[in-house]
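I opened the model to look up a few points and wrote down each one as I went. The entries follow in the order in which I took them up.

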Amino acid sequence: MSIQKLTFGKPEALTPSRFCPEFRGCGADEQRLPSGSLPPIGFRQTPRGCVLELPFSEQEEYYGFGLQLHSFGHKNRKLTLRVNSDPLFSTGDSHAPVPFFVCTAGYGVFVDTARYAEFYMGVQRVTSATRGESGHSADNTRELYTLRDSGDERVIAIHIPSAAGVDLYWIEGENILDVVRQYNRMAGGGPEIPDWGLGTYYRCHLDADAHSVMQTADYLHGHGLPCSVIGLEPHWQTRSYSCSYIWSEKFPPDLRRKMEAHLAGRGLHLNLWQHAFVHPDSPLYDAIGEGCGSYKVWGGKVPDFAVPHTQHAFAAYQSEAQVSDVTDGFKLDECDGSDYTRDWSFPNCSEFPSGLDGEQYHSLFGMLYARAALAALSGRPTFGQCRSMGALATSLPFALYSDLYDHRAFIRGCVNSGFSGLLWAPELRHGESRSDLIRRLQTAVFSAQCMFNGWYCTEAPWIGLDCEDEVRELLCLRERLRPMLRRAYDAYRADGTPPVRALVCEYTRDRETWEIDDEYLFCENLLVAPMTAEQESRKVYLPAGDWADFFTGERVEAGWREYAGDGIPVYRRL
Ligand code: GAL
């Protein structure tokens with residue numbers, strides 16, 4: 001296991017590692033690769049920035065790049081790592097793009113940049129051999145594919161806009177899991193997750209008031225539906241787009257105290273929705289002063305969390321106005337932005353007092369915002385949600401979420417997030433049908449964070465579908481998984497093993513696993529193969545080894561098998 005840092009040209013000053021206090025670089029316990037043992041890496045500066053060229057192999061596969069919801073293997077793809085909500089195709093756009101990929105050959109590459117880098121995962125370089133002995137390029141498909149298959153002609157080209165240089169970390173390991181673990185340790189190891197964060201989250205309708213929150217808590221408790229955290233959505237504030245961070249009249253101080261005591265009595269924690277764009281009505285508007293970007297969003301200032309004064313003002317106000325023993329978590333919404341729906345968020349040409357530009361700030365925004373929220377919590381254990389993350393986010397106790405994708409993409413999110421130090425909550429809103437709701441809940445129960453997001457549901461989403469018993473059974477199952485989740489999060493913290501990860505991470509040499517993006521390893525020894533409402537049956541692959549059905553204990557053979565039924569296929573590695 002080993003990491004080598006390579007510096008090309010003159011790297012930029014403002015990169016993800018600079019904003020990650022836990023960053024350990026090549027760290028003491030990693031063995032440095034002897035220089036000269038690495039494959040050749042090309043570098044050149046261009047008028048558009050700089051370009052790296054790395055070896056490419058058609059015989060291998062490549063994974064990672066953060067929370068990619070529309071693709072799994074990235075060989076022969078072009079990815080542009082732009083922060084974007086609701087990407088429609090596999091373009092590289094993501095709530096949480098990460099310039100880190102891993103290869104089945106047993107290595108990974110982290111490029112320390114906050115730029116919207118382009119990764120061309122297999123492009124053909126013009127060399128004398130490419131032109132052929134006669135010196136001409138391929139001019140028919142047969143010849144073209146012969147050249148394409150010649151392998152050594154092709155490279156991974158990485159274009160980093162604006163930069164005159166970059167640091168690259170080359171990580172080698174026994175298998176992909178070894179590589180991922182080293183990346184995670186380099187970023188400070190997994191987060192410290194409180195025990196209550198392993199349970200179920202229930203987010204109320206956006207218009208909930210103190211009374212209805214207490215009723216929700218009573219309903220869940222009274223009906224034996226285990227829940228650890230209640231979430232409030234936008235309208236707990238006087239203004240929410242942009243945010244005032246002032247409690248609305250639906251939560252007057254006396255009633256708020258009563259509500260908190262009520263929740264505490266039921267063992268519940270409270271999590272508050274917010275985003276970072278500060279409304280002029282907010283006391284924070286003046287407190288931030290000039291410490292914000294040059295453009296507003298929804299009439300609000302965009303705080304520059306890379307400026308210590310801004311981060312401090314934000315944290316100090318929220319610590320005073322919101323945080324308590326019960327209110328100890330945040331949902332940090334809208335920090336991704338979208339080029340696809342109404343172009344919201346700040347422009348890439350924004351200027352920030354820290355020296356970051358809009359493009360860089362987009363890449364870092366989620367992490368810097370999460371750190372401001374952690375500062376507001378002053379060391380209270382927490383496990384919240386944040387809709388954007390990026391490079392070196394491993395140690396932050398926030399799960400990514402979004403409600404914009406179909407269930408299949410949510411499952412791929414579970415599989416992909418573990419390559420890049422990210423946690424993904426495949427949240428459950430309403431179900432189109434009873435079966436859709438139960439299938440989605442099965443996935444949520446076997447995920448990094450189990451969450452109902454009822455922000456527009458006037459009643460709990462299962463009530464109209466008449467399936468409270470099944471919901472109860474699944475939530476009780478989540479409770480039974482908690483000791484296992486505890487151990488998995490402790491391992492994540494200690495050695496960087498992600499609690500949810502693709503089969504190819506551990507079974508890298510088993511080519512059957514290379515395309516499996518709808519099954520994952522969960523905690524130490526479970527294999528989970530969720531089903532969507534459209535599926536009556538599915539194929540499940542169990543890699544070589546001894547396996548038993550998780551629910552019945554019955555031994556099952558390794559290899560491909562067919563599963564049919566209403567349950568979720570889960571197997572235990574013996
Ligand atoms: C969305 C978010 C939802 C919900 C909603 C409230 O951006 O994804 O989960 O919080 O805002 O307005």
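Which order do the five strands of the open sheet have, and in what sense do they pair? I noted first that this is a predicted model, and then read the order of the strands as β3-β4-β10-β9-β6, with antiparallel pairing. The edge strands are β3, residues 42-46, and β6, residues 78-80, each of which pairs on one side only. I also looked up how neighbouring strands of this sheet are turned against each other, and the average, with direction ignored, is 20 degrees.

β6 pairs with strand β9, residues 118-124, in the antiparallel sense, and three bridges join the two. For Lys78 I looked up the bridge partner in β9, which is Tyr120.

**Salt bridges**

My search of the whole structure for salt bridges returned 40, and I went through a few of them individually.

The side chains of Asp357 and Arg115 form a salt bridge with an N to O distance of 2.8 Å. Asp357 sits in the loop between β15 (327-332) and α7 (358-377), while Arg115 sits in the loop between β8 (107-111) and β9, so this pair ties together parts that are 242 residues apart in sequence. I checked accessibility for both partners: Asp357 counts as partly exposed because its relative accessibility is 22%, whereas Arg115, at 7%, counts as buried. I also found that this pair belongs to a network of salt bridges that links Glu12, Arg115, Asp357 and Glu359.

The next pair I looked up was Asp333 and Arg387, which form a salt bridge with the closest N and O atoms 3.3 Å apart. Asp333 lies in the loop between β15 and α7, and Arg387 lies in the loop between β16 (384-386) and β17 (398-399), so the parts tied together here are 54 residues apart in sequence. Are Asp333 and Arg387 buried or exposed? Asp333 has 6% relative accessibility and therefore counts as buried, and Arg387, at 9%, counts as buried too.

Asp546 is partly exposed, with a relative accessible area of 45%, and Arg555 is exposed, with a relative accessible area of 55%.

**Helix packing**

For the helices I began with α9, residues 434-445, and α10, residues 468-495, which pack at an angle of about 5 degrees with their axes 10 Å apart. With that angle, α9 is roughly parallel to α10, because angles under 35 degrees are counted in this way. I listed the residues that meet: Arg434, Leu437, Ile438, Leu441, Gln442, Ala444 and Val445 come from α9, and they face Glu470, Val471, Leu474, Leu475, Leu477, Arg478 and Leu481 of α10.

I then turned to α8, residues 407-417, whose axis comes within 11 Å of that of α9 and crosses it at roughly 10 degrees. α8 and α9 are therefore roughly parallel to each other as well. On the side of α8 the contact is made by His407, Phe410, Ile411 and Cys414, and on the side of α9 by Arg439, Arg440 and Thr443.

**Asn184 and Gly496**

My last entries concern two residues that touch. Asn184 is found in helix α2, residues 176-186, and Gly496 is found in the loop between α10 and β19 (500-501). What distance separates the backbone oxygen of Gly496 from a polar atom of the side chain of Asn184? I read 2.8 Å for this pair of atoms.

Asn184 counts as buried because its relative accessibility is 0%, and Gly496 counts as buried with 0% relative accessibility also. Leaving aside neighbours within four places in sequence, I found Asn184 in contact with Gly189, Thr394, Gly421, Tyr492, Gly496 and Pro498. With neighbours set aside in that way, the contacts of Gly496 are Val180, Arg181, Asn184, Arg185 and Ala491.

Notes:
Residues are numbered from 1 along each chain as its sequence is written. This is a predicted model: local features need pLDDT of at least 70, side-chain atom pairs count only at pLDDT 80 or more; totals for chains, interfaces and linings use all residues. Side-chain values use heavy atoms; hydrogens and water are left out. Helices (H or I, at least four residues) and strands (E, at least two) are DSSP runs, numbered from the N terminus. Buried means under 20% relative accessible area, exposed over 50%, partly exposed in between (1.4 Å probe, protein chains only). A polar contact is a pair of N or O atoms within 3.5 Å; within protein, one must be able to donate a hydrogen and the other to accept it, and residues adjacent in sequence count only if both atoms are side-chain atoms. Contact means heavy atoms within 4.5 Å. Two strands pair if DSSP finds at least two bridges between them. Axes are lines fitted to C-alpha atoms, for helices over the stretch in contact, and angles run from 0 to 180 degrees between N-to-C directions. A salt bridge is a side-chain nitrogen of Lys or Arg within 4 Å of a carboxyl oxygen of Asp or Glu. Angles under 35 degrees count as roughly parallel, over 145 as roughly antiparallel, 65 to 115 as roughly perpendicular and the rest as oblique.
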